[in-house]
Amino acid sequence: PGHRVDLPRGLSICFIDDSAVARKLLSNSLERQLPDNTIHLFGATALDVGPFKEMVLAGADIAILDQNLQYDRQTLLGTDIVALLLAKGYKGLLCIRSANSSEEDVQH
């Protein structure tokens, strides 16, 4: 608490989370802390995963991913998406976040 990191202005930040509450909370926090940057939110449905990856690869500076994207018919891991982004040459900052502390998540 009380620590502030100064980031450059004009960053493109992409965030994907399956939780509407998490998307809203992080969006509000990022917009308050980084007002001169563009925040792109994804994750309301599994159909958002493709556009998220495309926007990140098209030049996002920062990508923030939920580790457990749980949708009706599938669960996707943020670390799997990160591996794909790195394999396709992404050079920006990648952040994984998770509210889970299961043994499986800790190992990833």
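Two residues are in contact when heavy atoms lie within 4.5 Å.

## The model

This is a predicted model, in which local features need pLDDT of at least 70, side-chain atom pairs count only at pLDDT 80 or more, and totals for chains, interfaces and linings use all residues. Residues are numbered from 1 along each chain as its sequence is written, and side-chain values use heavy atoms, with hydrogens and water left out.

## Overall layout

The protein chain holds four helices and six strands. Both are DSSP runs, numbered from the N terminus: helices are H or I with at least four residues, strands are E with at least two. From the N terminus, the order is β-α-β-α-β-β-β-α-β-α.

The protein chain has 108 residues, and 34% of them are buried. Buried means under 20% relative accessible area, exposed means over 50%, and partly exposed lies in between (1.4 Å probe, protein chains only). Take the contacts between residues at least 6 apart in sequence: 73% join residues at least 24 apart.

## Leucine 94

Leucine 94 sits in strand S6, residues 93–97. Is leucine 94 buried or partly exposed? It counts as partly exposed, because its relative accessibility is 21%.

Which residues does leucine 94 touch, leaving out those up to four places away in sequence? They are Ala63, Leu65, Val82, Leu85 and Leu86. Valine 56 is 38 residues from leucine 94 along the chain, and their C-alpha atoms are 9.8 Å apart.

## The aromatic pair

The structure has one aromatic pair. Phenylalanine 42 and phenylalanine 52 form it edge-to-face, with 5.6 Å centre to centre and 75° between the planes. The pair links distant parts of the chain: phenylalanine 42 is in strand S2 (residues 38–42), and phenylalanine 52, ten residues away, is in helix H2 (residues 49–57). Rings of Phe, Tyr and Trp (its six-membered ring) pair if their centres lie within 6.5 Å; planes under 30 degrees apart are stacked, over 60 edge-to-face, and the rest tilted. Phenylalanine 42 and phenylalanine 52 are both buried.

## H2 meets H3

The axes of H2 and helix H3 (residues 78–87) come within 11 Å and cross at roughly 40°. Therefore H2 and H3 are oblique to each other. Angles under 35 degrees are roughly parallel, over 145 roughly antiparallel, 65 to 115 roughly perpendicular, and the rest oblique.

H2 brings Val49, Phe52, Lys53, Val56 and Leu57 to the contact, and H3 brings Ile81, Leu84 and Leu85. Seven of these residues are nonpolar, none is polar and one is charged. Here Ala, Val, Leu, Ile, Met, Phe, Trp, Tyr, Cys and Pro count as nonpolar, Asp, Glu, Lys and Arg as charged, and the others, Gly among them, as polar.

How values were computed:
Axes fitted to C-alpha atoms, helices over the stretch in contact; angles between N-to-C directions.
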